Structures are given as C-alpha cells and as structure tokens.
Amino acid sequence: MKAFIDLHTHTLSSGHGFSTLKENIEEAARKGLLVLGTSDHSVRMPGSAHRFFFENYKVIREEILGVKILSGIEGNIYDYEGNIDIEPSMMKNLDYIIASLHSHCIESGTVQENTRTIIGAMKNPYVKIIGHPDDSRFPLDYDNVAYHAKKYQVALELNNSSLLPNSVRKDCRENARSLLEKAKEYEVYIILGSDSHIYYDVGRFDEAYELLTEANFPEELIINNDLEKLSYVLIE
C-alpha cells in the first residue's frame, strides 16, 4: 500500500514543532504526497498559536509544488463531554478537524470517562478524525469507540508517531492493534497520520504499514490510499 495523504502534521506554530510550513510542503513534494494537511494544535495547548493564526489560513495557496494543501487543526478535547477548543471564527477557513486527548489539556479519567469523552467529540459534526486513540495514559473501550465511530461516521487515526520507540505515549502498539481489530469488525475507516513535528517525518508511515500488515487490515478501509475517500473526513 502507498499512502498519498498526510493530514496530521505540525509546524513551529504548535509551540513544540521544529519546522516551517514551507519545509513540510517541500518534504511532502519530495516524498510524492498528493495531499498535505497542516494541523497545528489549537489554543489550549501551551505555546500554540492564537486563533488569528487559524483565521488567516485563507492566505495559503490550494496547491504548492504539485501538492494539494489542506488547512486543518488539531483540537484539544478539554472536558469529559468531548468539547474542543475551536471557536466558530476559527472554523470558517478549516478543511478538517482532528480531535485529540492531550495530557496538557485534560486529566485522564477512567476507561468509561475517557471513552465517553471521545464519543462526545465524535458527536460534533465538524469532527471527522479522532487523533491517536492509542495511549494507555488515556485508556479506552475500543469496542465502544469503534461502534460509535461507525455510527457518527468518524475516522480513527493510526498514528505513526505513537509507534516510534521515543513516543511519550504508552502501550501504543498493543492498543493500536486492538483498535484495528475493532475497526475491522465494525468496518470503520482508518486514517494514517504521521503526527510529524519536524519536516523529515512528514509522510512517514513505515511503522503503521507494518502494523496494518500484521493485522491483515483491509485496504478499502484506509483513507490515505484513495483521493476519493478524502471527502469522508472533510468539513462540508
């Protein structure tokens, strides 16, 4: 399988990234990506950009160096109802929203509380991707998560960064394998995300490919290998 799409990437504007948007785009072009999404952290993440940054996405060209550019955001879930830190004024120029749990923005609860939180985020009609639901610091009921992802037509992310040896997240390989099994059972779309915080990780999916192969996960449920599937995660 070849992935042509990477929607989970960060720049200096996330506060803990190390590359510019220009560097990320150049790397995407070098690796043959057809679509690059830029998705810096929203405002509750320490060091992230002001809402004006996201409101000004309109200045970015739709295509650069042969790569289609999509303007996204990684929203931080901040309560057990699944609310995210994205104001309506920020949404007008967004192509997509990733909603994620981050330890800087919310304390982990029980499995039931964390699962309810993720399901609450899925109910937001603008959220079509749940980011890195693979961290034992935020334990989840994957059967329940997959069932509701199917119900609300939300894609679950297989996060390549989580699978790296230096990841701060816990037990991600085992959790991602469980997630893939439930996604297969409920026929839920998976989207690969590099979660790159430096340019050379843009479009990096080697660890995710390996896990997909081990899980014998069907390619028809993977968004990144077919541009026609991309509309599934875009804001209408």
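User: Which residues lie nearest the centre of the largest pocket, and how many residues line this pocket?

Analyst: Rolling a probe the size of a water molecule over the atoms shows where empty space is left. On a 1 Å grid over the protein atoms alone, a pocket is an open set of points with protein on both sides within 12 Å along at least five of seven lines, while a cavity is a set of points where a 1.4 Å probe fits but cannot get out; lining residues have an atom within 4 Å of a point. Here the largest pocket is lined by 30 residues, and His-16, Ser-161, Val-168, Arg-169 and His-197 lie nearest its centre. This is a predicted model, in which local features need pLDDT of at least 70 and side-chain atom pairs count only at pLDDT 80 or more, while totals for chains, interfaces and linings use all residues. Residues are numbered from 1 along each chain as its sequence is written, and side-chain values use heavy atoms, with hydrogens and water left out.

User: What volume does the largest pocket have, and how does its lining divide by class?

Analyst: A volume is the space filled by probe spheres set on the grid points, which are joined across faces, edges and corners. For the largest pocket the volume is about 650 Å³. As for classes, Ala, Val, Leu, Ile, Met, Phe, Trp, Tyr, Cys and Pro count as nonpolar, Asp, Glu, Lys and Arg as charged, and the others, Gly among them, as polar. The pocket lining has 14 polar, nine nonpolar and seven charged residues.

User: How many cavities of 30 Å³ or more does a search of the whole structure find, and which residues line the largest cavity?

Analyst: The search finds one cavity of that size, with a volume of about 70 Å³. Its lining consists of Leu-101, Ile-118, Gly-131, His-132, Pro-133, Asp-134, Asp-135, Phe-138 and Leu-140. By class, five are nonpolar, two polar and two charged.

User: At what angle do helix 4 and helix 5 pack?

Analyst: Helices (H or I, at least four residues) and strands (E, at least two) are DSSP runs, numbered from the N terminus. Axes are lines fitted to C-alpha atoms, for helices over the stretch in contact, and angles run from 0 to 180 degrees between N-to-C directions. Helix 4 (residues 111–122) and helix 5 (residues 142–152) pack at about 10°, with axes 10 Å apart. Helix 4 is therefore roughly parallel to helix 5 (under 35 degrees; over 145 is roughly antiparallel, 65 to 115 roughly perpendicular and the rest oblique). Contact means heavy atoms within 4.5 Å. Helix 4 contributes Thr-115, Ile-118, Ile-119 and Met-122, and helix 5 contributes Asn-144, Val-145, His-148, Ala-149 and Tyr-152.

User: Is Ser-71 buried or exposed?

Analyst: Buried means under 20% relative accessible area, exposed over 50%, and partly exposed in between (1.4 Å probe, protein chains only). Ser-71 counts as buried because its relative accessibility is 6%. This residue lies in strand 4 (residues 67–76).

User: How far apart are Asn-225 and Lys-2 in sequence and in space?

Analyst: Asn-225 and Lys-2 are 223 residues apart in sequence and 6.0 Å apart in space, C-alpha to C-alpha. Asn-225 is buried at 19% relative accessibility, whereas Lys-2 is partly exposed at 40%.

User: What is the phi of Leu-65, and where is Leu-65 placed?

Analyst: Leu-65 has a positive phi of about 55° although it is not a glycine. Its place is in the loop between strand 3 (63–64) and strand 4, and Leu-65 is exposed, with a relative accessible area of 56%.
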